Amino acid sequence: MSNVQIMDHPLIKHKISYIRQENVGSRDFRAVVGEIAALMCYEATRNLKLQDVKIKTPICETVGQELSGKKMAVVPILRAGIGMVDGILNMIPAAKVGHIGLYRDPETFEPVEYYCKLPADCDEREVFVVDPMLATGGSSVAAIQMLKDKGVKNIRFMCIIAAPEGVERMTKAHPDVDLYIGALDDHLNEQKYIVPGLGDAGDRIFGTK
Ligand code: PRP
Ligand code: URA
């Protein structure tokens, strides 16, 4: 069963409320999306395994701790997921980056694949799939299936805003994937936009509208 964690950190709540506002322009929107991703990364990596390691400080020898598990990869769902990558790489600079390109068909709202490029050893890595928006769940369910088809077994999904409909679809389709959600919103409207949401994340990050 998926572990669904909704962020309760005051800084994350504050920053999400800021980017929801329609008068926030692309430059600020992009910057704060990156900050939220970095803070969420901190929460989403809380249960990573550590091992003891002998280290030598300028004063003496001692035992420290280092990450012991698998190497990591970040996989944004294009386009909007790109806005979260740098914030995560600031926390995990050694992570590799893959890209999955999907867009929602404007009539069926189902995802259409147009790109997939992953690190060669992706199946040996702990993969963080990132997308600011989990609406119907079509895009994220499809992206995670593409990773599983390539043999990836350890997958976490991070989004800034989710609709209950998307959470339900994701947890049913991929019960082995843990979800880290910045804010859980109320519902989807007729155009399958999240309410209250923040509008079209890709357009707001890249200034395309
Ligand atoms: C948005 C968003 C997600 C998807 C969420 O992308 O970034 O990928 O919609 O909706 P879903 O849960 O109903 O699939 P969009 O398709 O608008 O593409 P873009 O990022 O290129 O703007
Ligand atoms: N994609 C977005 O960018 N925003 C929504 O509210 C739903 C899908």
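A pocket, as the word is used here, is an open set of grid points, worked out over the protein atoms alone, where a 1.4 Å probe fits and protein lies on both sides within 12 Å along at least five of seven lines. With that in hand, have a look at the model above, which is a predicted one. The space taken by ligand 1 is the largest pocket, so that's a handy place to start, given that a molecule sits in a pocket if more than half of its atoms lie within 2 Å of the pocket's grid points.

Now for the polar contacts of ligand 1. A polar atom in the side chain of Thr 136 comes to 2.5 Å from an oxygen atom of the ligand. Arg 104 also uses its side chain, with an N or O atom there 2.8 Å from an oxygen atom of ligand 1. Ala 80 does things through its backbone instead: a polar atom there is 3.1 Å from a ligand 1 oxygen. How much of ligand 1 does the protein cover? On its own the ligand has 500 Å² of accessible area, and the protein covers 90% of that.

Next up is ligand 2. Like ligand 1, it takes up space that is the largest pocket. Arg 104 turns up again here, as one of the residues surrounding ligand 2, along with Met 133, Ala 135, Lys 192, Tyr 193, Ile 194, Gly 199, Asp 200 and Ala 201. By class, that makes five nonpolar, one polar and three charged residues.

For ligand 2, look to the backbone. Ile 194 has a backbone N or O atom 2.8 Å from an oxygen atom of the ligand, and Ala 201 likewise places a backbone N or O atom 2.8 Å from a ligand 2 oxygen. With Gly 199, a polar backbone atom pairs up with a nitrogen atom of ligand 2, at 2.8 Å. Taken alone, ligand 2 exposes 230 Å², of which the protein buries 88%.

Finally, step back to the chain. An unreviewed UniProt entry lists residues 7-208 as "domain: Phosphoribosyltransferase". Over that stretch the chain is 34% helix and 31% strand, and its end C-alpha atoms are 29 Å apart.

How values were computed. Residues are numbered from 1 along each chain as its sequence is written. Chains are lettered from A and ligands numbered from 1 in the order in which they are written. This is a predicted model: local features need pLDDT of at least 70, side-chain atom pairs count only at pLDDT 80 or more; totals for chains, interfaces and linings use all residues. Side-chain values use heavy atoms; hydrogens and water are left out. A polar contact is a pair of N or O atoms within 3.5 Å; within protein, one must be able to donate a hydrogen and the other to accept it, and residues adjacent in sequence count only if both atoms are side-chain atoms. Accessible areas come from the Shrake-Rupley method with a 1.4 Å probe; for residues, only the protein chains shown count as cover. On a 1 Å grid over the protein atoms alone, a cavity is a set of points where a 1.4 Å probe fits but cannot get out, and a pocket is an open set with protein on both sides within 12 Å along at least five of seven lines; lining residues have an atom within 4 Å of a point. UniProt positions are given in the numbering used here, feature names are shortened, and annotations may be inferred rather than shown by experiment. Helices (H or I, at least four residues) and strands (E, at least two) are DSSP runs, numbered from the N terminus. A residue is near a molecule or strand if one of its heavy atoms lies within 4 Å of it. Ala, Val, Leu, Ile, Met, Phe, Trp, Tyr, Cys and Pro count as nonpolar, Asp, Glu, Lys and Arg as charged, and the others, Gly among them, as polar.
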